[in-house]
Each structure stands twice: as C-alpha cells, then as structure tokens.
Amino acid sequence: KLARINISKSGIGASVGVPGFRIGMGADGKVRRTMGIPGTGVYHTEVIASPKKPKFDVSEKANAPSAGGGVNGDVKSLDYTVGLASSAGGSGLM
C-alpha cells in the first residue's frame, strides 16, 4: 500500500507513503502531510502547500484588449493609470 489513487465527483487525488506517514495531493490541489500511529486511529494532517489564488489587480483591467490598441500590457497599464490620474486631477482643479 505504498501509493493510493482516489477518484471522486470533485476530481482525482493521489498519495504515497508508508504506515504512519503519507503525503498526498487532493482534488482541491492542496498537498497534505499525514502522520499517525498505525492501528490506533491517532493521526495529524497538515496542509503543506495549496494552489495559488489569483489576486484581483486594477492593472488586469488595463491589460484587457481595448479599442485604442497598444503594443503590450505594460503600455496599456500605463495609459490606464495616466487616464485615471489626469481625470482625477482635472476635477480637483475646477
């Protein structure tokens, strides 16, 4: 029983280990380490890695294709930032 594969409605998971120690990745993408005392039901499970969640960033909107075009995402991001700064500055001067 060195390796195990689990198939469920939420996806596929796999783990490897020996009695008392096991490392596996679940269908949710989290990597877990489980240590225990075989035959007793005493164990401890710890998440040691999890998938990175993308963080929302204002510059992501600027990187989307626009009617004005642009050479790359950096230029669009700069144009977007300048547009916000100039419109905010313009309304403050009136």
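At 33% relative accessibility, E46 counts as partly exposed (buried is under 20% relative accessible area, exposed is over 50%, and partly exposed lies in between, with a 1.4 Å probe and protein chains only). The model is predicted, so local features need pLDDT of at least 70, side-chain atom pairs count only at pLDDT 80 or more, and totals for chains, interfaces and linings use all residues. Residues are numbered from 1 along each chain as its sequence is written, and side-chain values use heavy atoms, with hydrogens and water left out.

**Exercise 1.** Find the partner of E46 in a salt bridge, and say where the two residues sit.

*Solution.* 
- Start with the rule: a salt bridge is a side-chain nitrogen of Lys or Arg within 4 Å of a carboxyl oxygen of Asp or Glu.
- The side chain of E46 meets that of R33, at 2.7 Å from N to O.
- This pair links distant parts of the chain, with R33 in strand 4 and E46 in strand 5, 13 residues apart.
- R33 is partly exposed, at 26% relative accessibility.

**Exercise 2.** Count the salt bridges and describe the one formed by D28.

*Solution.* 
- The rule gives a count of two salt bridges.
- D28 pairs with R32, and their closest N and O atoms are 3.0 Å apart.
- Both ends are partly exposed: D28 has a relative accessible area of 40%, and R32 has 28%.

**Exercise 3.** Work out the strand order of the sheet and name the strands at its edges.

*Solution.* 
- Strands are DSSP runs (E, at least two residues), numbered from the N terminus, and two strands pair if DSSP finds at least two bridges between them.
- Five strands form an open sheet in the order 1-2-3-4-5, with antiparallel pairing.
- Strand 1 (3-8) and strand 5 (42-49) each have a single partner strand, so one side of each is left without a neighbour in the sheet.

How values were computed:
Helices (H or I, at least four residues) and strands (E, at least two) are DSSP runs, numbered from the N terminus.
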